[in-house]
Amino acid sequence: MTAAPDCLFCKIVAGDIPAEVVHTTERTVAFRDINPQAPLHVLVVPRDHEPNAAASAGADATMFAEIATTARAVATGEGYDDYRLVFNTGAGVGQTVFHTHCHVLAGRPMTWPPG
Ligand code: 5GP
Ligand code: ZN
């Protein structure tokens, strides 16, 4: 597994910083967002460090299938068939933590286009 020094989500994956982990797979960890924007707000992250979804796609695109499967397990496991998946990719669209993560959001009405 590759980890980056001083990466918050690498530390959560390693268990060095606490988080409410709701699901794990061989290559992913899912935990609740510390500042939830919906009744369900979970982050699914690959265990391996990449700075964003673009880099993960370049490194191993099969990772996205596992992230999507994990997201489905989390959402349906909490009773949500409808949910939104978001990968903020780059500071210009709001990415603040530079370890690939998929937001899993559900449980309230959502508008489109997103803000
Ligand atoms: P981004 O803005 O990069 O797409 O999303 C980063 C997310 O990480 C934000 O929704 C933020 O609330 C969440 N976050 C930041 N720090 C922590 C933390 O220490 N623990 C958890 N569980 N989530 C965090
Ligand atoms: Zn990391």
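## The segment after S5

Threonine 111 is placed in the segment after S5, where helices (H or I, at least four residues) and strands (E, at least two) are DSSP runs, numbered from the N terminus. With a relative accessible area of 61%, threonine 111 is exposed; buried means under 20% relative accessible area, exposed over 50%, and partly exposed in between (1.4 Å probe, protein chains only). From C-alpha to C-alpha, threonine 111 lies 20 Å from aspartate 33 in space, and the two are 78 residues apart in sequence. Proline 113 is found in the segment after S5. A cis peptide bond, with omega of about 5°, joins proline 113 to tryptophan 112.

## Basis of the values

This is a predicted model, in which local features need pLDDT of at least 70 and side-chain atom pairs count only at pLDDT 80 or more, while totals for chains, interfaces and linings use all residues; side-chain values use heavy atoms, with hydrogens and water left out. Residues are numbered from 1 along each chain as its sequence is written, and chains are lettered from A and ligands numbered from 1 in the order in which they are written.

## Overall architecture

The protein contains three helices and five strands. Read from the N terminus, these elements follow the order α-β-β-β-α-α-β-β. The C-alpha trace spans about 35 × 30 × 25 Å along its principal axes. The radius of gyration of the protein is 13 Å, which agrees with the value near 13 Å for a compact globule of 115 residues; this radius is taken over C-alpha atoms, and the globule rule is 2.2 Å times the number of residues to the power 0.38.

Of the 115 residues in the protein, 34% are buried. Contact means heavy atoms within 4.5 Å. Among contacts between residues at least 6 apart in sequence, 56% join residues at least 24 apart.

## Surface and charge

The protein exposes about 6,500 Å², of which carbon and sulfur atoms supply 55%. Accessible areas come from the Shrake-Rupley method with a 1.4 Å probe, and for residues only the protein chains shown count as cover.

There are 7 positive and 12 negative side chains, and the centres of the two sets lie 4 Å apart. Lys and Arg count as positive and Asp and Glu as negative, whereas His and the chain ends are not counted; the place of a charge is NZ of Lys, CZ of Arg, CG of Asp or CD of Glu.

## The histidine pair

Histidine 49 lies in the loop between strand S3 (40-46) and helix H2 (53-60), and histidine 99 in the loop between S4 and S5. Their side chains make a polar contact at 3.3 Å; such a contact is a pair of N or O atoms within 3.5 Å, and within protein one must be able to donate a hydrogen and the other to accept it, with residues adjacent in sequence counted only if both atoms are side-chain atoms. Histidine 49 is buried, because its relative accessible area is 19%. Histidine 99 counts as buried at 0% relative accessibility.

Beyond its neighbours within four places in sequence, histidine 49 is in contact with Thr2, Ala3, Ala4, Cys7, Cys10, Phe98 and His99. With sequence neighbours within four places left aside, the contacts of histidine 99 include Cys7, Phe9, Cys10, Val45, Pro46 and Arg47. Histidine 99 and leucine 8 are 91 residues apart in sequence, yet 8.0 Å apart in space from C-alpha to C-alpha.

## Threonine 100

Threonine 100 is placed in the loop between strand S4 (84-86) and strand S5 (102-106). This residue counts as buried, because its relative accessibility is 1%. Its side chain makes a polar contact of 2.8 Å with the side chain of serine 56. Neighbours within four places in sequence aside, threonine 100 is in contact with several residues, among them Val44, Val45, Pro46, Glu50, Pro51 and Phe87.

## Leucine 105 in strand S5

Leucine 105 lies in strand S5 and, with a relative accessible area of 11%, is buried. Its C-alpha atom is separated by 5.4 Å from that of leucine 40, 65 residues apart along the chain. Apart from neighbours within four places in sequence, leucine 105 is in contact with Gln37, Ala38, Leu40, His41, Tyr83, Arg84, Val86 and Met110.

## Aspartate 6 before helix H1

Aspartate 6 lies in the segment before helix H1 (8-14). Its phi is near 70°, a positive value in a residue other than glycine. At 69% relative accessibility, aspartate 6 counts as exposed.
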